[in-house]
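Please look through the structure below with its confidence, its chain-to-chain interface and one hairpin in mind. The paragraphs that follow take these topics in turn.

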Amino acid sequence: LADVSHVMGAIKTQSPLPRTFSRGMVQDPSHFDVLVMPNLYGDILSDLCAGLIGGLGVTPSGNIGANGVAIFESVHGTAPDIAGKDLANPTALLLSAVMMLRHMGLHGHAKKIETACFDTIRDEKVLTKDLGGNAKCSEFTADICRRVQDMD
Amino acid sequence: LADVSHVMGAIKTQSPLPRTFSRGIQTVTLIPGDGIGPEISTAVMKIFEAAKAPIQWEERNVTAIKGPGGRWMIPPEAKESMNKNKIGLKGPLKTPIAAGHPSMNLLLRKTFDLYANVRPCVSIEGYKTPYTDVDLVTIRENTEGEYSGIEHLIVDGVVQSIKLITEDASRRIAEYAFEYARNNQRTSVTAVHKANIMRMSDGLFLRKCREVAENFKDVKFTEMYLDTVCLNMVQDPSHFDVLVMPNLYGDILSDLCAGLIGGLGVTPSGNIGANGVAIFESVHGTAPDIAGKDLANPTALLLSAVMMLRHMGLHGHAKKIETACFDTIRDEKVLTKDLGGNAKCSEFTADICRRVQDMD
């Protein structure tokens with residue numbers, strides 16, 4: 001997996017891309033870097049791009065406020081049909097928490113947790129149902145914990 | 001290849017209006033356009049001739065001129081031709097940089113009240129994209145919405161833009177979408193909106209769609225938020241059928257869907273106007289870098305012409321030409337550069353002509 005740690009952070013870009021984004025996005029999203037836009041376009045594009053990587057179940061999100069406040073969140077739904085059954089996929093919330101760690105300057109821990117998460121998914125042995133496996137949430141979580149601990 | 005004839009639309013007009021019709025031959029206004037426009041128009045004419053389509057072309061130029069009173073307008077000969085023939089086929093137009101010069105497409109739209117922009121998007125065998133089973137149609141309201149052009153400065157640094165949604169325009173586009181679905185044996189119409197946020201504007205649009213849906217019980221009606229559509233579209237476009245939406249959302253979604261099937265070089269488009277006028281057009285650019293070099297891909301204009309034939313009820317010829325075009329692409333032997341080959345435009349065209357003639 002490519003080093004995506006730079007993605008889960010706050011990077012400023014200077015040069016805007018003069019393209020038709022929606023069409024360009026689905027044909028070759030690799031052309032795009034940081035995109036800044038007004039509200040409605042962001043509503044649309046942020047969901048479109050989440051779709052490109054697999055949907056809201058794996059997409060992190062952060063909201064930045066004016067007084068130093070920042071709230072990081074998973075943007076999927078509450079999934080009442082699987083609530084309490086140890087079936088949920090914590091990836092979106094976990095990657096949002098990784099974003100949070102970077103925001104706080106805790107890059108080492110961020111990298112460790114993120115790597116463990118991506119390694120678990122790449123390995124494809126312990127995956128929750130939505131990711132194509134049949135592991136429980138707790139098993140998926142334990143696998144990431146194990147990897148994190150092995151890194152020390 | 002699945003039967004896509006139902007996609008490249010029979011677009012029913014509200015009332016049968018007289019068209020120029022002589023010995024079974026219908027006259028169509030042809031606007032070749034700029035850049036590669038003339039050569040792809042020639043390609044389409046050649047293919048139509050090979051298919052013995054009963055079409056006669058009346059070429060017109062739509063480059064805007066300044067009328068009395070200083071207002072920009074379409075040349076009267078072009079306007080007369082369109083009003084007489086009702087049906088037009090148009091290539092790409094360049095927008096002149098001259099100060100104050102209006103967008104040509106905007107001018108055409110206003111002149112003929114082109115209220116619906118229709119783009120069937122079907123995956124093309126032989127032209128690989130990450131999405132293989134796209135078969136949907138975007139129907140975009142093209143007269144109002146976020147593109148009303150009504151903006152004003154409140155104070156320095158604060159600008160307001162008016163999104164105009166009217167009952168009439170919403171009803172009209174909804175009716176068109178349902179009629180299109182019915183005429184083309186489509187299963188469902190989905191209204192794309194954000195009425196949860198824009199309660200009054202998108203709310204009105206949605207209400208009109210719901211009302212019209214009541215008169216088309218044979219077509220399934222669903223509603224979906226725009227962001228959810230985008231999220232789902234890039235993950236599995238096969239879920240979508242006919243989509244109807246206001247202007248801005250249509251602008252975005254129609255291009256997004258074109259991207260799914262390979263881009264503007266292969267996407268057909270039709271614009272439906274109020275008085276039985278319909279203009280079919282390729283929506284790619286003029287490609288000045290390859291103009292005149294026999295390198296252009298005429299597929300988008302050709303498929304738009306196929307849409308046009310269906311609109312005119314010439315289903316047999318439409319199917320013949322469309323099949324020949326898709327067969328040529330599927331065969332992957334004679335492809336223009338943008339499709340991954342190295343054939344000339346004339347060779348690609350000749351291959352389609354040959355197939356069309358072999359069908360007789």
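**Confidence, interface and a hairpin**

Where pLDDT is low, the predicted coordinates should not be read in detail. For chain A the average is 88, and 86% of the residues score at least 70, while residues 1-19 of chain A remain under 50 and have 24 contacts beyond four places in sequence. The model as a whole scores ipTM 0.87 and pTM 0.89.

This is a predicted model, in which local features need pLDDT of at least 70 and side-chain atom pairs count only at pLDDT 80 or more, whereas totals for chains, interfaces and linings use all residues. Residues are numbered from 1 along each chain as its sequence is written, chains are lettered from A and ligands numbered from 1 in the order in which they are written, and side-chain values use heavy atoms, with hydrogens and water left out.

Turning to the interface, 22 residues of chain B are in contact with 17 residues of chain A. The two chains bury about 1,500 Å² between them, 71% of it on carbon and sulfur atoms, where buried area is the accessible area (1.4 Å probe) that two parts lose on being put together, summed over both. In chain B, the residues that lose the most area to chain A are Asp227(B), Leu231(B) and Val234(B), which together account for 29% of what that side buries.

Across this interface the rule finds 1 salt bridge, defined as a side-chain nitrogen of Lys or Arg within 4 Å of a carboxyl oxygen of Asp or Glu. The side chains of Asp43(A) and Lys194(B) meet in a salt bridge at 2.7 Å, N to O. Helix H6 (226-233) and helix H7 (247-261) of chain B each supply at least two residues of the side that touches chain A, helices being DSSP runs of H or I with at least four residues and strands runs of E with at least two, numbered from the N terminus. H7(B) gives the most to that side, with 8 residues.

Within chain B, strand S9 (residues 145-155) and strand S10 (residues 158-164) run antiparallel and are joined by 6 bridges, pairing of strands requiring at least two DSSP bridges between them. Leu153(B) stands opposite Val159(B) in S10(B). The hairpin of S9(B) and S10(B) has 2 residues between the strands, and Gly157(B) takes a positive phi near 85 degrees there.

Methods:
Contact means heavy atoms within 4.5 Å. pLDDT is the predictor's confidence in each residue, from 0 to 100.
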